[in-house]
Amino acid sequence: MTKDKLESLQSVALKVREHIIGMSTGGGCFIGASLSCVELVVYLYSEFLNIDPSNLKNPDRDYLFLSKGHDVPALYGTLGELGFIDLSRLKNHLLTNDSVYWHPNRNIPGVEFHSGSLGHLPSVAAGVALDCRLKDEPNQIVVITGDGELNEGSVWETILVANAYKLNNLTIIVDRNQFQANIRTEELVPLEPLEDKFKAFGCEVKRINGHNFMEIEEALKGIPYTGNKVNVIIADTVRGKGLPSIEAKADRWFCAFTEKETGQLMEELHGHAKAFIESETLIVR
Amino acid sequence: MGYEELLLQTAQDDERIVVMTAENRALVRNMPKNLGARFIDTGITEQTMVGMAAGLALRGRIPVVHALAPFLTMRAFEFIRTDAGIANLPIKLSGFIPGFLSDGNGPTHQAIEDISIMRGIPGMEVYCPADEDDLVKMLPHIWQTPNPAYVRINHKKGNYDHAPFEPGKAEVISEGRHITFLVHGFLLGNVLEAKEILKDEGDAAGLSVGVINMRTLKPVDEEIIINSVKNSEALVIVEDHFATGGLYSIVAETLLKHRITAPVLQIALNKWFKPGLLNEVLEFEGFTPAKIAHKVNAFYRSGTIAETFGLNK
C-alpha cells in the first residue's frame, strides 16, 4: 500500500469517526460498535468492493451486508464521505422525515438490506452468494458481523449450509471488539478459540488487526482463500476506537451525549484534551 | 396435475423460480433430477433457508420454500417476518401437514396457530386449499403475486370439482337460509357431509345449509362473509386451528368493521389435539361429519338464535 493511499484512507476514517460522534448526540447511537468497524467499512467501500453510487442497482456489483446493524453510523459516515448519500442527511438522524435511525434502512442508497435483529444477514448474504454462483457470476459478497452476534445459532447454521454449497464468494468479517452489549464476550459466552470454531465449521480463517489498513488489504487480497470454503476474517478491534475516554468500556455501548460532550469528544479524537463525560451510561436500547 | 408436477412446469417456464426445502422432500421428491441447481436443499435449517430465500429474492428470484408447517412458520417466524415481511419479498411458503394433517405426530408437529401468526405479518397472503384440486387451481395465482405468501399445503384428494380460482374470492358451494358454514382446508369435505346430514335430520323439515370454501384467508373475501350473515340466520365456522387468530377471528374483525353482528357457532381447537390416525383424531376432537352436524343441530335448535337476536326470518 502506498503512503498516499494509506493517508487517504486514514483521512476518510477520521472523518467517518467525526460523523459517528456527531450522531451520538440528539438521541444518541451505538457509538462503540460503530467506531470499532470504521477501517473495515472504509476499506471495503474505498478499495475492495465493486460498488459505487452509479451501480447500486446493477446485478454485477459486489454486496456488503452489515449484519450487526447497530454499527450503521460507520456505514452512513462512509457512504456520505464517498458520495453515495448527501452528508447533510446525517443531520436527519432520528427524524421521521428521513430513514436514518439506529439500524440500517434500505431506503438509504448503499444499504443492501435492513438489519438489527442479529444473526440474519449471514443467511441473506448466502442467498445472494448462491444466486451469483447459480449464474456463474463473479460478485463478491461480504458480511460484517459482531462478535456478540456469534451467540446466535443461525450464524453457525448458515455457515454449515454455505460451506455445503461451497460459497467461496462469501466472506464473513467478524468485528471482534470483545464486547457483547454490556459485558465482555469472554465473561458471558466465551468465543475463543474463535479461529478454531470457524475452521471446525469448514471455513478458511484469517485473523488480523481490524484497524490496520495494510492488514485488511492483505486479508482481502487473498479471497477466495481456497477453492471451496467460506472466507472468514476475524478482525481484532477496539470498541470505541479513537476515543480513549470510552474505548473498551463495558458501560459505553449505546451513548446519548450532550452537544458539549460531543464537542469534547471531537477534540479528543484529534488528540487534544480528553473529554469529560457526565452523561449516564448503560442506556438500554 | 399434482403439486410437484405443476411446480416443476412453472419453474421450467420461469427461470426466477427456485425450489427450496429444509430437507422435507415429500412434496418435491423428483425435483433434484428435474430442476438441477435450482433445487436447493439447505438441510434441517428453517431459519437459514428463509434468510437465503430473502437473498435469492433480492436477486430477482421467486423462492418456493418447503418445510413442515409448524417448523416453517414457527422456527423461522422471525426470519419470515423480518426478512420476507419487512422487505415484502415474494417468498412463497409451502407448509406441509398443517392442522389435523399432522395426525399422529403429536403437538410438536401441530401447526394450529400458523394462520394467526402468518396473517399478522403485513403484506403476507394466506391460502388454505380444501384439497389437491383446490390447491392446484390456486397455485398459479399464489406464485405470481409480488408478495410473500403462506400456503397451508393440502394435497389430499377431494370429491369436489372446484370452481376456477378467483383472487380474493371465496368459493360459494351452496347457499342456505338457516345456517352458513364458513370453512377452510380439508375440513370442507366433512362439512359437505355434515350438510347432507343436517338436510334430513331433526324434527323439522331439515335445515337449509350454505357452505363457503374460504380459500384465501388473507386478503379475505369480506363480501361473502357479510352476505352469509344477511342470507342466513347463523354462521358456523369450522377450522383445524386454535380458537384465536384464525378464521373465527377474521370473521369477527370483518363483522365489527362493518358494524354487523350475528349468531356464530365456533368449531375450533382450544388446545393441542390428541395425536392419532386422522380419522381417530377427528372422532376424538369432534370434527367428524356426524359430530359437526350434531353440534350445529343443537346450536340451531337451542332457540338462542331467534330469542337472542330476533333473526327468525
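How many residues of chain A are in contact with chain B, and how many of chain B with chain A? In this predicted model, 18 residues of chain A meet 22 residues of chain B.

**Where chain A touches chain B**
- Two helices of chain A, helix 5 (121–134) and helix 6 (153–164), each provide at least two residues of the side that touches chain B.
- Helix 5 of chain A gives the largest share of that side, with 9 residues.
- Sorted by class, the side of chain A that touches chain B holds 9 nonpolar, 7 polar and 2 charged residues.

**Chain A overall**
- You will find 10 helices and 5 strands in chain A.
- Along the principal axes, the C-alpha atoms of chain A fill a box of roughly 55 × 45 × 40 Å.
- Of the 285 residues in chain A, 51% are buried.
- Among contacts in chain A with a separation of 6 or more, 74% join residues 24 or more positions apart.

**The largest nonpolar core**
- This core has 179 residues, and those touching the most other members are A:A125, B:A53, B:F181, B:L182 and B:V191.
- The core lies between domain 1 (3–152) and domain 2 (171–309) of chain B, because both domains give residues to it.
- Leaving aside residues up to four places away in sequence, B:F181 touches B:V191, B:V209, B:G210, B:V211, B:I212, B:V236 and B:V238.

Technical notes
Residues are numbered from 1 along each chain as its sequence is written. Chains are lettered from A and ligands numbered from 1 in the order in which they are written. This is a predicted model: local features need pLDDT of at least 70, side-chain atom pairs count only at pLDDT 80 or more; totals for chains, interfaces and linings use all residues. A nonpolar core is a set of buried Ala, Val, Leu, Ile, Met, Phe, Trp, Tyr and Cys residues joined through C-beta atoms within 7 Å. A residue is buried if 20 or more other C-beta atoms lie within 10 Å of its own, exposed if 12 or fewer, and partly exposed in between; C-beta atoms are placed from the backbone. Domain bounds come from an automatic or database domain assignment. Two residues are in contact if their C-beta atoms, placed from the backbone, lie within 7 Å. Helices (H or I, at least four residues) and strands (E, at least two) are DSSP runs, numbered from the N terminus. Ala, Val, Leu, Ile, Met, Phe, Trp, Tyr, Cys and Pro count as nonpolar, Asp, Glu, Lys and Arg as charged, and the others, Gly among them, as polar.
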